[in-house]
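Me: I'd like to learn how to read the features of a model like this one. Please start with a strand pair and go on from there.

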Protein chains: 6
Amino acid sequence: MTDLVTFGETMLRLTPPAGDRLETTDTYDVQPGGAESNVACGASLLGVDSVWLSKLPKSPLGQRVVRELRGHGVRTGVAWADPDDHRLGTYYLEHGGTPRGTNVIYDRADSAVTTVTPDELPVAAIKGAERFYTSGITPALSPTTLATTRTLLEAAREADTRTAFDLNYRSKLWDPDTAAETYRDLFPLIDTLVAPVRDARNVLDREGTPIEIAHSLATDHGFDTVVLTRGDSGATALHADEIYEQPAFETETFDAIGTGDAFVAGFLARRIRGDDVDTALEYAAAAASLKRTVGGDVAVIRPEEVEAVVAESGDEISR
Amino acid sequence: MTDLVTFGETMLRLTPPAGDRLETTDTYDVQPGGAESNVACGASLLGVDSVWLSKLPKSPLGQRVVRELRGHGVRTGVAWADPDDHRLGTYYLEHGGTPRGTNVIYDRADSAVTTVTPDELPVAAIKGAERFYTSGITPALSPTTLATTRTLLEAAREADTRTAFDLNYRSKLWDPDTAAETYRDLFPLIDTLVAPVRDARNVLDREGTPIEIAHSLATDHGFDTVVLTRGDSGATALHADEIYEQPAFETETFDAIGTGDAFVAGFLARRIRGDDVDTALEYAAAAASLKRTVGGDVAVIRPEEVEAVVAESGDEISR
Amino acid sequence: MTDLVTFGETMLRLTPPAGDRLETTDTYDVQPGGAESNVACGASLLGVDSVWLSKLPKSPLGQRVVRELRGHGVRTGVAWADPDDHRLGTYYLEHGGTPRGTNVIYDRADSAVTTVTPDELPVAAIKGAERFYTSGITPALSPTTLATTRTLLEAAREADTRTAFDLNYRSKLWDPDTAAETYRDLFPLIDTLVAPVRDARNVLDREGTPIEIAHSLATDHGFDTVVLTRGDSGATALHADEIYEQPAFETETFDAIGTGDAFVAGFLARRIRGDDVDTALEYAAAAASLKRTVGGDVAVIRPEEVEAVVAESGDEISR
Amino acid sequence: MTDLVTFGETMLRLTPPAGDRLETTDTYDVQPGGAESNVACGASLLGVDSVWLSKLPKSPLGQRVVRELRGHGVRTGVAWADPDDHRLGTYYLEHGGTPRGTNVIYDRADSAVTTVTPDELPVAAIKGAERFYTSGITPALSPTTLATTRTLLEAAREADTRTAFDLNYRSKLWDPDTAAETYRDLFPLIDTLVAPVRDARNVLDREGTPIEIAHSLATDHGFDTVVLTRGDSGATALHADEIYEQPAFETETFDAIGTGDAFVAGFLARRIRGDDVDTALEYAAAAASLKRTVGGDVAVIRPEEVEAVVAESGDEISR
Amino acid sequence: MTDLVTFGETMLRLTPPAGDRLETTDTYDVQPGGAESNVACGASLLGVDSVWLSKLPKSPLGQRVVRELRGHGVRTGVAWADPDDHRLGTYYLEHGGTPRGTNVIYDRADSAVTTVTPDELPVAAIKGAERFYTSGITPALSPTTLATTRTLLEAAREADTRTAFDLNYRSKLWDPDTAAETYRDLFPLIDTLVAPVRDARNVLDREGTPIEIAHSLATDHGFDTVVLTRGDSGATALHADEIYEQPAFETETFDAIGTGDAFVAGFLARRIRGDDVDTALEYAAAAASLKRTVGGDVAVIRPEEVEAVVAESGDEISR
Amino acid sequence: MTDLVTFGETMLRLTPPAGDRLETTDTYDVQPGGAESNVACGASLLGVDSVWLSKLPKSPLGQRVVRELRGHGVRTGVAWADPDDHRLGTYYLEHGGTPRGTNVIYDRADSAVTTVTPDELPVAAIKGAERFYTSGITPALSPTTLATTRTLLEAAREADTRTAFDLNYRSKLWDPDTAAETYRDLFPLIDTLVAPVRDARNVLDREGTPIEIAHSLATDHGFDTVVLTRGDSGATALHADEIYEQPAFETETFDAIGTGDAFVAGFLARRIRGDDVDTALEYAAAAASLKRTVGGDVAVIRPEEVEAVVAESGDEISR
C-alpha cells in the first residue's frame, strides 16, 4: 500500500562548482529538485512507500527527472506533455559562504506542471494513501495548479487520507498578501501544517512566541498538528493541545537546499509509521541536520543514520 | 570604426560530457551560443571589429553571455531587461556519433530578446558599420523580433551598410511555408545571402543544381552575392555573374555546432578586408573546417591558423 | 504484466578516464554493469516491462546497483545479503584504441550472488512473465548459481515462459570444455539461443558457415530460435527453418562494452511485442550500433532512436 | 571617460585542486592574476570604467590574459611582445588550511612586462583618467619596470590624475631595505597609500599603533590618504587629519588570494564615485570579505552584493 | 642503509567526491592506502630511507600500488602473486561532516597479502634496518599473515632491529577478545607500542588515566616506549620511566584518514634520527595535524613544514 | 646493474582538455615530460633498469618530476638547485585534430638544467651502464648543457658504454645550421643514431632514399647503427651493412607526443636484452603504435602488450 503521495513541480537544478559564480562558470552540476519530490524521495529512503504526482515534458529532460526519483525508490504518476509546447522548469543555484548569500534564480515560468489538471493525474493513488503532501509553492505556480491542488486536497479529505502542507513561501513567486489569501483558502483542507516561524509572522501576520503562533494557527484553521521551524534554533510543534520543543542538531553544512524538505520527510516517515509527534519531531530534526552534509536537493539518508544522530553517536570513523 | 554589427539571440548551451546522455547526465558544460554572436565572435577573432546587438535579462546569466562575447573581443550593445519578467533562453545539446544524431532541445520561448524593439538598441552602430549580419533564426523568434529585424535591415540599407543574411532554417521554430514567406519579405533588404542548398530546396522551393539555384535566387531577389553551402561537399557562390566553387577541407570533428557560423565569419572577415569572393570563400571553408576541431559554439580560431589551412600545412606538431 | 525477467550478477564497473591506464589512474568512473541487468535495462528503455533477479550485499554498494536499475525503469527482485559476509563484485575496465586492446580485470570471486538460491528469489515473477533471460556467465560463477540457473529455467519452462540464453563465454571464468558441458546441460531448457559465431566454433566445437552452425545447433538442441552474431559483420538467425541475415549498422564507437547485451535487449523487445524474427533482428542490430555511441554498460537508447537508425536517418543535427 | 588606469604584471596562476599538493597534482586550475589587474577587474565589476596597462607575449597565453580581463569589463592597453623572446610569468599556488600555510611559487623572472617602456604603452589613457593605480610589486620586477612606474606616476601627477599605491611587499622579490628605498623614492608621486600595518612596520620601519603609523607616514611623505590594513582586524585610514576605523566583516574563506586587491578595488570604486573615505572604507572591507568566498584572484562581486553586506543582510538563501 | 621497514596490506581506496554518497556516486578518487605503507611513505617524505614489504597481484592494480609508493620514495619488497588467484583489497571511503560520520566499507577478504609467507619476502631487509614497523591490522587479516607477522618480528628481534607496533584495532576485522589475545601474544616482540587510549581501554581492558595505562602496559609487556594517542586531546608517552605529554596542534581537516599513520611516521622519523621521545612526540603531533589538510591516506608533508608547525609559524601566505 | 642511463631536461607539460584551447582554457592536465626521461621511463616499464640524470629546482615542482619518474621505476641522479635562482621549464601543449595542428609553446629558457655541469651529476652511473642515451635537444639548451653532453658522451665512450642519440631537431630551439654543426661535433661519440628522415634531409642536408641516407650517415660518421624513422611509413635501419625495413603498426591516436621516444625505448630495451636489430625494430614500432593510445609523454606500456601487437592480436576485449 502507498504510504505517501506528494504533488508538485520538480525542476532541473543547475549549480556551478564551489567557489565559482553563475556569471563566470563553465559547468553546472545538474540534479532534479523540487519541494514535493524532495519530500517523496527523502521519505522513500527512510522506508516510506512514496508516489509523486506531476506533469513533465515527454523528453530526455522529463526522463531525467523521473530517473532520479525512481533511483530514490519513488513511484511516479506523471502526466506526460508534448515537449514542443511544454518546458521543464530550471533553477540556477549559487552556493555562497558568509557573507555572500546563497542565490537562486528561477526559470520556471510556463513549465509543463503549470497546466496540470486533476484528470491527467492518477488521483486514485491519493485515495489509497496514508498521507498526501504538497507545499505552498504549487498553488503559486498558476491558477491551474492552484485549482488542481485544491481538487487533490479535497480528494484526500474525502478519502480520509491525512494531508500535510508546508507553507514554503517564495517571495520570487508571489507577494505575501496573495500568498496568505491562497493559504487561508486551502487551510481548511490541511491536517498538518509545517511553516517557518518567520513566514508565519511575515506572511500569515502572526505575532508572539512560536508557541503562541502555533496555538493561534491551530485555533483559527483547525489544524490537527502545527510544526513551526526556526532554522538553527530548532522547531516547535503543537498537537492535541500538547507543545513539543525540539532543538536543532549540530551540523557542518555542505548544501543547505532541501533542509526543510528533509525535515518534513523525516517527520512524515515517523508519523506514517505510527510514532508520536515527539519522536517524529526529533527524527525530523536529525534528518534535517544530516541533509546539510549531502549535496543536492534530496536527503540521501538512511534510517540507521538518522537513528545514529538521534542516539548522538554518528560522528566518528566507522571502520 | 566598426566593421561588423550582428543582431540576434544568444542562449546558454548546456551539454553533457562526451558519451553521456541528457536523460542520465549529472553535469553540463555551459557556454553561450547563438548564430549571430557566433559570427560576431568568430569574425572578431579573425581581426574584425565587431558589435553584437541583443536583449538580455540583467542577471548573472545575462552577464555570463556578455562576458563570453567580450572575451572574444566583441563589443556588446545590450538592452538590459528586468530578470523577473525576462528569461535567458537555453538549449540542450547532446553530441552523438554515427548512427546516433546530435540532438538539440531548445528552451528559448519567451526569452528577453523576443521583446526587443529598435528603440532599445544602439541602432547608430549599424549605420556606422561596414556590414550588418543577422540570420533567419531571429525573425522566427517572435513578431517583435521580426519587426525589429526588418527595421534594422532598413537602417542598414539607408546607411549603405551592406547586409548579410544566413537562412538558418530551424524546423523546431517554424514550418517551411511560414519561414519562406518571411524570408521573401526580407530578401529585398539583403545583399549577401548564405544558405544551405538543402534549405534552398526544401524551404525556398528551388530546384536544380546549386549553380542553377544560385542564379535563380539572385535573379528573383536581386542579391549581390549568393553563397550555397553543401556540408562536406563544399560551397558554391555567385557574385557579379561569376560562379565560384569551393571544396570543403578535411577535418576531424570534435564539435560540429557553429560550423556554418564559422563559415560566415570567415567569409565576412575577408570581404570586409576587401578580398574578393574567391579568396573569401576559401578562407570561409578553412575556418569552418577548423571550427569543427574546437569545442563550443564559437570558432576560436586565429587568422594565421586559417591561413595555414589554406596553405595546406596545418597538420603537424609545431615544436 | 511483466514482459521480461532476467537473472544474473551485476558488478560495479570501474573505468579510468580515456587515455589513462589502470596502473596510473587517480579516478574511476563507476557504474553498475552485468549482462543480465544490461539486457533488462536496455529492454526497459525500449518499452519492455522488466524485472531483474539477483543477490546483493545490503550496503550502499548494493543500493548503488538497485538505484541504477530503477533509474532505467527496471523492477528489482533482490535477495539482500549481510554485507559483512557478502561482497559486491567489481570489474576494472580499461578502454584502449587500436592496437591496444580493451582490458577487463574481474574482481568478482565470492560475490553475494554466488550464494543465491531459488528460495531467496521471487520466482513467481518468472512464472508470470512473457520471457526469461539469463546468460552463460551466471552458471559459471559458482555451483550454487549453476543450480539456481537450472531451477529458474525449469520454472520458466513449467510456466510456459519462453527462455533466452546468451552464451557469453568468458575465458577468465572457466575453460571451454567445462563451459561446453554446462551449456549442453542447460540447452534443453532454452528456446532462443544467442551466441557469437566465434564461441560456437571455439567452445561448442561447431564447424562450417554461420548458417550451417545455426542449423546444427538447432537440430542438436531443439532451439526454437538461434541467433549467431559476428561483430562488425552482422548476425545470422534461424527460426522455423528460415534463415535471416542482418548486416551491422555503421557506428562510431565510444564504449564497446554492452554491445551484445544491447543486441539481445533489442531483439527481445521486438519479439515480446510480437514482431517477427526478421524485424527483431534489424532492430537488434540498430540498438547494438547505437549502444556503442553511449558510455557505460547500459544501452541508454529510446525506441524512436532505434527506429531512426532502421530508417537510416539518424545521422544529422536535429534542431 | 576612463575612471581608473592600472599598470602591472599579470601572470597565469596555476592551482591544484583542494587537498592536493603541487608535488603530487595532475591538474591545475588556471586563471590570470596580478595585483593591478585584480584591482582593475574588481573595480570594473563594481561599476568603474577601467583600463589595464601592461606587456604580454603575442601568443595564446597572452591572449588568455586579455580575454579574462575583457570578460570582467576591463579595457586593455597591451604592448604585444614577440613570444619567442618574451615569456608570460606564472605562479603556482597551493591552498592549505591551518596549520599548513598557503604557498606561492613564483616563476615570473624575465617575463615580457619586465621589459616594458613608457613609449610602448598608451600613456594618454592615464592623463585622461580620474585615478591611476599601481603597486609595490611592479617596481620590484626589473629596473625597467621601476623606471616605467616612475614615468607613469609622473605622467599622472602632471595630468592631475590622482594616484594610489599598494605597498604589496613581496619577500620573494626583494629584501626590505631595497624595497623601502624604492618606495621612498616613489612616495612623493603618490596620493593614496595602502599598506598592511605589518609591512609598514617591517619594511618601512614604522613603530607605534596603526594611528601613529598613519600619521607618521602622512607627515613624512605628504600622502593625501593613508589606509593601513590589519587582516582580520580591519583597517585604519587617515585623510584630512581625520582617522577612520573599519572592522573586518565576518567571512568564510574559499580563496584568500586577492583579498587586498578587492579591498583596494572597493575603496577606489567609491572614492571615484565621490564618496568620502568613511563610506569607501566600509565598502572596501565588505568587498574584501566577499572576495574570500570566491575562487580565483579576481573579486567577482557586484555592487548590490557589497551593499547587502554593508547592510548586514547578505547571509540567507534568496529564493 | 635502510632506516625503516614496514610490513602490511595496501588497498585501493575508493572515495566519492565531497558531498556525494557511495549509493549515488558516479566517480571515485582512487589512491592506494594502508597503515603500514602510509607510515613508510610518510616517513620517507620526512627523510627516512624506507622499505615496504607485502604481497600484490601481478596486475595493473598491483602496479598501481607500487607506483604510488615509489613516487613517495619508498622501496618495495613485493611478493608478486598470480592475479587470476589473488585479488587486491579495496576499501570504500565516504567522508561525512558532522553529524554524518565518515564511513568505511572494506572489501579486503582474500586479498593477495592474506597468503604471504616469510619465504616470499626479502626478510634480509629487516635485518639490515634500524626499525621495523607493522600494525594490528596485519595479523587480523589471516592466520597466514599472523604467522608471518610473528616471524618478521622475531627476525627483527634477532637482528637487533627495533620494532614498533600500532594497535590499530579494527572492529570490522575481528572482535576485541580475539584481537587482545593476538596482541598479547605479539607484545613480547615489540619495543614501541602506539595505541589510542580508547583501544587500550576497550580492547586491552586497561583502566585509569592515560599515564596509569601507559605504566601498566609497559610493566606488563616490557615495552621500551608506550605512546597513547587521544585524538584532539594529544598524546601521552612513557619512555625510560619518564612521562611526556603532547597536546594536538590546531588543524582544519580536509581528510582525517591516515592521521594516526602520519603521527607514527613523524615519531619514527625523529627517533630514527636519534632525537629523544619528547622531540619526536611534538614532531609526530605536528605531522598529524598537517596530514589532515591533505587528501588521501598518505601524509604528503615535508620536514620543513613540520618544523614550521612546531615553530608555530605555518599559517600565512608565503609569497 | 644499470642497463640504461639517460641525460636531459624534463619539463612540466601543461595541456588543456580535448577540444579546448590555450587561449580559453581554465584547466591544465599536468605531467612531466622530456625526451630523455620519456625514454628512461618507457624503457623501465619494458623491463630495463634505468637511470635519469638532470638538474632540478629543489621545490615541489622539482619533486613532482622525480615522483613521476620514480613511479615508472626510474632511478634519478638529480643535481638539486636553489629554487630561488633556478626554475623548472614548462611547455604548453594543445592537441588539435586535422586540420588544426598540435601546438607546443615552450617556456623552458633558463631552466635549472641549463646550468648543469658534469661534476654535479653521478657520472659513475654512466660508466657502469650498458647504454647511455641523450638527444639533440639537450645540447641545444645552453653552452653548458652542450659541454656537459659532450663530457658525458666521452665518459661513456671511455667506459665502453654504448651510446645512442636521437636527433630530435627542434626548430623552436635553434636553426638547422647551428644544430647541424653541433650534431657533427658530437657524432664521433655516438654508436646508434636515430633520426627522422625529414631531419636527416633538412638539417643534415642528406639526399636520396632512406637507405641511401642511412648509408651516407654511417659512412661519414662511423655509426654502428643508424635508424631513420618515417612516421606512418615506418622505419629503416642500417647495422653491420645490413638494411632492415619496418612498417608502422596501425594505431588510433589519443596523444601523439612521445611517439618517437617510445620507439627509442622499445628499440633500446630489446638491444640491451641482446636481441638483434631486426627484432628491436619491430618491437620499437609496436611500442610507438601503443604509445599513441595513451595520454601523456610517457609510453605506459608493458612488454606483454608490445609482444601482443607484434603477434598482431592485441585488438580485442580480453575478458
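**Strands, helices and copies**

Reply: Let's begin with one residue pair: Val226(F) sits across from Leu238(F), which belongs to β12(F). The strands involved, β11 (residues 225-229) and β12 (residues 235-239) of chain F, run antiparallel and are joined by five bridges. Two strands count as paired if DSSP finds at least two bridges between them. Strands (E, at least two residues) and helices (H or I, at least four) are DSSP runs, numbered from the N terminus.

Me: Before we go on, what should I know about the model and the numbering?

Reply: The model is predicted, so local features need pLDDT of at least 70 and side-chain atom pairs count only at pLDDT 80 or more, while totals for chains, interfaces and linings use all residues. Residues are numbered from 1 along each chain as its sequence is written, chains are lettered from A and ligands numbered from 1 in the order in which they are written, and side-chain values use heavy atoms, without hydrogens and water.

Me: Back to chain F, then. In what order do the nine strands of the open sheet come?

Reply: The general idea is that strands of a sheet pair through backbone hydrogen bonds, either parallel or antiparallel. Here the order is β5-β4-β1-β8-β9-β10-β11-β12-β13 in chain F, with mixed pairing. β5 (75-81) and β13 (242-246) of chain F are at the edges with a single partner strand each, so one side of each has no neighbour in the sheet. Ignoring direction, neighbouring strands of this sheet are turned by 15° against each other on average.

Me: Which helix packs on that sheet?

Reply: Helix α1 (residues 35-45) of chain F does, touching β1 (4-7), β4 (50-57) and β8 (131-135) of chain F. Its direction makes about 160° with that of β1(F). Such angles run from 0 to 180 degrees between N-to-C directions, with axes as lines fitted to C-alpha atoms, for helices over the stretch in contact. Contact itself means heavy atoms within 4.5 Å.

Me: Now chain B. How many residues of helix α1 are buried there?

Reply: Buried means under 20% relative accessible area, exposed over 50%, and partly exposed in between (1.4 Å probe, protein chains only). In chain B, 11 of the 11 residues of α1 (residues 35-45) are buried. Take Ser37(B), which lies in this helix: its relative accessibility is 2%, so it counts as buried. Its neighbours, not counting residues up to four places away in sequence, are Thr6(B), Thr10(B), Trp52(B) and Leu69(B). With Thr10(B) there is a side-chain polar contact at 2.7 Å. A polar contact is a pair of N or O atoms within 3.5 Å; within protein, one must be able to donate a hydrogen and the other to accept it, and residues adjacent in sequence count only if both atoms are side-chain atoms. After the helix comes Gly47(B), with a positive phi near 105°.

Me: What about strand β2 of chain B: which strands does it pair with?

Reply: It has two partners to look at. With β3 (residues 27-33) of chain B, β2(B) pairs in the antiparallel sense over five bridges, and Thr15(B) stands opposite Asp29(B). With β6 (residues 90-94) of chain B the pairing is parallel, over three bridges, and Leu14(B) has Tyr92(B) as its bridge partner. All five of the five residues of β2 (residues 11-15) in chain B are buried, so the strand is largely enclosed by the rest of the structure.

Me: How many disulfides are there over all chains?

Reply: A disulfide is a covalent bond between the sulfur atoms of two cysteines. Here the cut-off is a pair of cysteine sulfur atoms within 2.5 Å. The whole structure has zero. Cys41(A), for one, is in no disulfide, and the nearest cysteine sulfur, that of Cys41(C), is 19 Å away. Cys41(A) counts as buried, at 1% relative accessibility.

Me: Finally, what rotation superposes chain B on chain A?

Reply: A rotation of 180° with 0.0 Å of shift along its axis does it, with an RMSD of 0.0 Å. The two copies are therefore related as by a two-fold rotation axis. The same surface serves both copies, as 100% of the contact residues of chain B recur in chain A. Superposition is by least squares on the C-alpha atoms of residues with pLDDT of at least 70 in both copies. Of the residues of chain B, Tyr28(B) comes closest to the axis, its C-alpha being at 2.6 Å.
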